[in-house]
Amino acid sequence: ADGKDVLGTAALDATGRVTFTTSTLPTGTAKITATYAGNANYVGSKSPVLNQIVQLLPKVRFASNSTRVAENVGTVTVVVERVGSTAGPVTVAFATANGTATAPSDYVAQSGTLSWAAGDGSAKSIVIPIVADSVAELEESFTVTLRAPTGATLGTRSTFTVSIRRN
């Protein structure tokens, strides 16, 4: 912060290179300078400034918390968003889970993985078939859950509820 914070020290490897790893930098651009203090045989030196950009991982989340559909709708489309940086690839697993609505009598269970390439900030869709039957039922629901993201973290909307209205 004041230009005098020491993040650590490191030793040269056999090729004369140093790799320094830290996880203490704040979000934003950190200006990093390497300084060699020198010794009795060598003059000290200072490297040019390296601008290290630290970004938060993107979040993956549902675009909304829930939806209500008619039993005869055919399918329901659930939208998943990637929010934040698009710098790297992202994946997230999803799966449906029974609630008062059960697969396969009320909907067709779905599971899989959504993937975003680096630079892709578009929304992805999960399409779930809804099963229409002739049984008189009260409104029923099931959930879709996001889990196990790579290259991202889960947003606050990681569970989505689908409510099915009877015809």
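A: V60 has R82 in β7 as its bridge partner. This is a predicted model, where local features need pLDDT of at least 70, side-chain atom pairs count only at pLDDT 80 or more, and totals for chains, interfaces and linings use all residues. Residues are numbered from 1 along each chain as its sequence is written, and side-chain values use heavy atoms, without hydrogens and water.

Q: In which sense do β5 and β7 pair?

A: Antiparallel: β5 (residues 59-62) and β7 (residues 75-83) pair over four bridges. Strands here are DSSP runs of E, at least two residues, numbered from the N terminus, and pairing takes at least two DSSP bridges between two strands.

Q: What order do the strands of the open sheet come in?

A: β10-β7-β5-β12, four strands with mixed pairing. The edges are β10 (124-129) and β12, each pairing on one side only.

Q: OK, the loop. Where does G151 lie?

A: Between β11 (140-150) and β12 (153-154).

Q: And which residues is G151 in contact with?

A: Leaving aside neighbours within four places in sequence, G151 contacts (heavy atoms within 4.5 Å) L57, P58, P89 and V90.

Q: Why is G151 called partly exposed?

A: Because its relative accessible area is 39%; buried means under 20%, exposed over 50%, and partly exposed is in between (1.4 Å probe, protein chains only).

Q: Switching topic: where is L7 found?

A: L7 is in the segment before β1 (28-32). L7 is partly exposed too, at 38% relative accessible area.
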